[in-house]
Amino acid sequence: MTAGDQKLYLLDYGAGNVRSLLNAVEKLGHRIEYIKTVEDFAKADKIIFPGVGAFGYAMRALKSSGFAEPLKAYIASGRPLMGICVGMQVLFEGSDESPSEPGLGIFEGRVELFDKKLKSVPHMGWNAAQVVHQENVLTSAVPEIGEDSRYYFVHSYAVPYTGVGAQRGYVHSATRYVDQAVVSSVWSRNVFATQFHPEKSGAAGLALLQSFIERDLVRPPSSAGELRAPEDVASALTVRVIACLDVRANDQGDLVVTKGDQYDVRESADMGGDVRNLGKPVDLAKRYYDEGADEIAFLNITSFRNLPFRDTPMLEVLRQASRSIFVPLTIGGGVRDSVDPDGEHVWPAVQVAGEYFRSGADKVSIGSDAVYAAERYWQRKAEGQVPLDGSTAIEQIAERYGRQAVVISVDPRRVYVNTPEDANGHHVIRTAFPGPNGEQYCWYQCTVKGGREGRDTDVRQLVMACEALGAGEILLNCMDKDGTNSGYDIELISDTKAAVSIPVIASSGAGKPEHFSEVVEQTAVEAVLAAGIFHRREVPIAAVKSYMREQGISIRSSEDGIEFP
């Protein structure tokens with residue numbers, strides 16, 4: 001049977017962004033159908049099973065849909081299955097994430113939480129998948145995993161890699177995340193699965209998907225052999241370079257990418273006062289993908305409150321972008337409870353996020369509502385109440401789609417004080433850059449409504465609360481640095497990194513390649529983000545990556561993001 005004749009199916013239990021996988025398969029010239037009923041398992045020649053979010057949610061969804069037993073029967077039939085992320089994890093016996101929920105038990109072993117003592121969790125970014133077989137014991141048809149390629153990982157739980165026992169019969173590749181080696185792909189008989197996301201891993205990921213679709217990947221039992229020792233799995237995690245696009249409607253109603261100076265997106269009065277127009281969102285995002293951006297973030301800074309949510313233009317932006325961009329996409333703006341103009345349709349924030357995921361987003365960014373949630377968190381703690389009650393958007397989205405899907409966008413500004421006591425209990429730092437009146441101290445005030453309103457909440461209070469609520473990443477802006485091209489606020493970023501154990505993205509102020517290396521070297525931040533200098537081609541992404549690599553910083557090769565032939 002040729003690849004064109006086979007019936008390829010996708011098993012979706014409501015995992016979130018499966019649109020990118022559909023688009024990737026179509027990009028490769030193939031068709032894929034959804035499994036909608038139990039009977040569809042019998043029709044399938046091959047099945048791809050993607051998953052994100054919590055292990056327990058995935059297993060409960062499989063069981064409630066009646067798909068768990070048919071999936072096991074399908075595997076037993078010998079027909080090929082490819083699992084992705086949680087789609088790999090549920091093949092094991094269980095997970096510490098949901099101890100009472102057994103897995104499918106296809107492979108021996110359990111999924112465990114990463115140790116946070118020496119690293120940020122989730123493991124989020126581009127890393128290597130190192131094939132661990134000591135000698136060539138496999139068939140000629142093998143999964144297309146390149147030793148020099150980098151793949152996109154985003155997970156808090158993983159199967160520890162030991163290289164002995166039962167793992168000799170099913171582990172295909174392993175990956176090191178700082179002090180821990182974990183299983184990054186399995187391959188046994190007709191089952192192949194990855195912890196990473198091929199559909200978000202650029203050209204390298206597309207090549208891997210193509211090898212599953214177009215080859216007969218069957219690993220015979222006799223191929224079990226000695227595996228590489230865990231200590232021989234090298235560290236290969238890269239720092240992410242993210243392109244950010246602020247998207248809003250201009251005065252003519254067209255959706256454009258813009259960029260402000262300290263959050264003012266309009267030209268000066270003598271230049272007409274119009275909204276700066278730096279290009280069309282999808283076209284610009286595709287350019288960044290081709291140039292090697294590791295992620296792309298769309299920040300919607302227009303309300304669109306006069307439209308039903310399903311008609312929000314950003315949904316179509318995501319649909320169009322995900323057709324040709326195969327790296328992670330983040331969407332920010334409007335991720336909150338909302339009501340359509342007719343007053344009848346209410347959209348809880350978790351449903352808003354779900355629509356964004358189904359349209360092609362991998363992560364949602366929450367701004368103002370995160371500040372309100374943090375304030376409520378600390379108030380409940382002060383009153384002796386349980387601070388986590390499941391009512392916030394952060395908690396609900398993280399519960400369903402996983403904490404890695406929730407990014408907190410922080411918009412702070414400096415408030416200078418003469419002494420720490422003048423900060424009214426807020427966390428202060430002694431700054432190397434005194435205030436206008438020589439003040440030696442400052443605290444970082446959180447703002448809402450696009451920076452227009454300051455709150456009585458500091459950045460440390462915000463990020464600590466949001467991590468406790470279930471956020472998986474911090475996008476750390478700085479109003480004082482925005483548009484200045486003077487470099488990132490190292491003091492702010494260092495102080496925030498020390499407060500949380502989740503990844504932090506440095507944003508605001510980059511003006512030259514040296515600024516990107518500086519912030520990584522001085523703060524160990526996991527990712528760096530820029531907007532205006534990329535839009536205006538003042539500093540190309542390739543120049544940033546080249547300089548960082550010269551400084552000894554591990555960076556994904558731009559070639560991994562090029563157009564797949």
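Contact here means heavy atoms within 4.5 Å, and helices (H or I, at least four residues) and strands (E, at least two) are DSSP runs numbered from the N terminus. Welcome to a predicted model, in which local features need pLDDT of at least 70 and side-chain atom pairs count only at pLDDT 80 or more, while totals for chains, interfaces and linings use all residues. Residues are numbered from 1 along each chain as its sequence is written, and side-chain values use heavy atoms, with hydrogens and water left out.

**View A. Helix 12 meets helix 13.** The axes of helix 12 (residues 459-469) and helix 13 (residues 490-499) come within 10 Å and cross at roughly 35 degrees. Axes are lines fitted to C-alpha atoms, for helices over the stretch in contact, and angles run from 0 to 180 degrees between N-to-C directions. This crossing of helix 12 and helix 13 is right-handed, a term used if the near helix is turned clockwise from the far one by less than a right angle. On the helix 12 side look for Val459, Arg460, Val463, Met464 and Glu467, which meet Leu492, Asp495, Thr496, Ala498 and Ala499 in helix 13. By class, this contact has 6 nonpolar, 1 polar and 3 charged residues; Ala, Val, Leu, Ile, Met, Phe, Trp, Tyr, Cys and Pro count as nonpolar, Asp, Glu, Lys and Arg as charged, and the others, Gly among them, as polar.

**View B. The second largest cavity, lined in part by helix 12 and helix 13.** A cavity is a set of points on a 1 Å grid over the protein atoms alone where a 1.4 Å probe fits but cannot get out, and lining residues have an atom within 4 Å of a point. The volume here is about 80 Å³, counted as the space filled by probe spheres set on grid points that are joined across faces, edges and corners. Helix 13 gives the most to this lining, with 4 residues. Among the lining residues are His427, Ile429, Tyr444 and Asp458.

**View C. The largest cavity.** About 180 Å³ of space lies in the largest cavity. Of its 16 lining residues, Val52, Val154, His197, Asp362 and Gln404 are the closest to its centre. The lining divides into 8 nonpolar, 4 polar and 4 charged residues.

**View D. The second largest pocket.** A pocket, unlike a cavity, is an open set with protein on both sides within 12 Å along at least five of seven lines. This one has a volume of about 490 Å³. Its lining has 23 residues, and Glu97, Tyr157, Ala398, Gly402 and Arg403 lie nearest the centre. Helix 11 gives the largest share of the lining, 3 residues.

**View E. Helix 1 and helix 6.** The axes of helix 1 (residues 19-27) and helix 6 (residues 202-214) come within 10 Å and cross at roughly 70 degrees. The two helices are therefore roughly perpendicular to each other, a label for angles of 65 to 115 degrees. Leu21, Ala24, Val25 and Lys27 of helix 1 make the contact with Leu206, Leu209 and Ile213 of helix 6.

View F. Most residues other than glycine have a negative phi, and most peptide bonds are trans. The peptide bond from valine 121 to proline 122 is cis, with omega near 15 degrees. Arginine 189 has a positive phi of about 50 degrees although it is not a glycine, and is found in the loop between strand 12 (180-188) and strand 13 (191-194).

Methods:
Angles under 35 degrees count as roughly parallel, over 145 as roughly antiparallel, 65 to 115 as roughly perpendicular and the rest as oblique.
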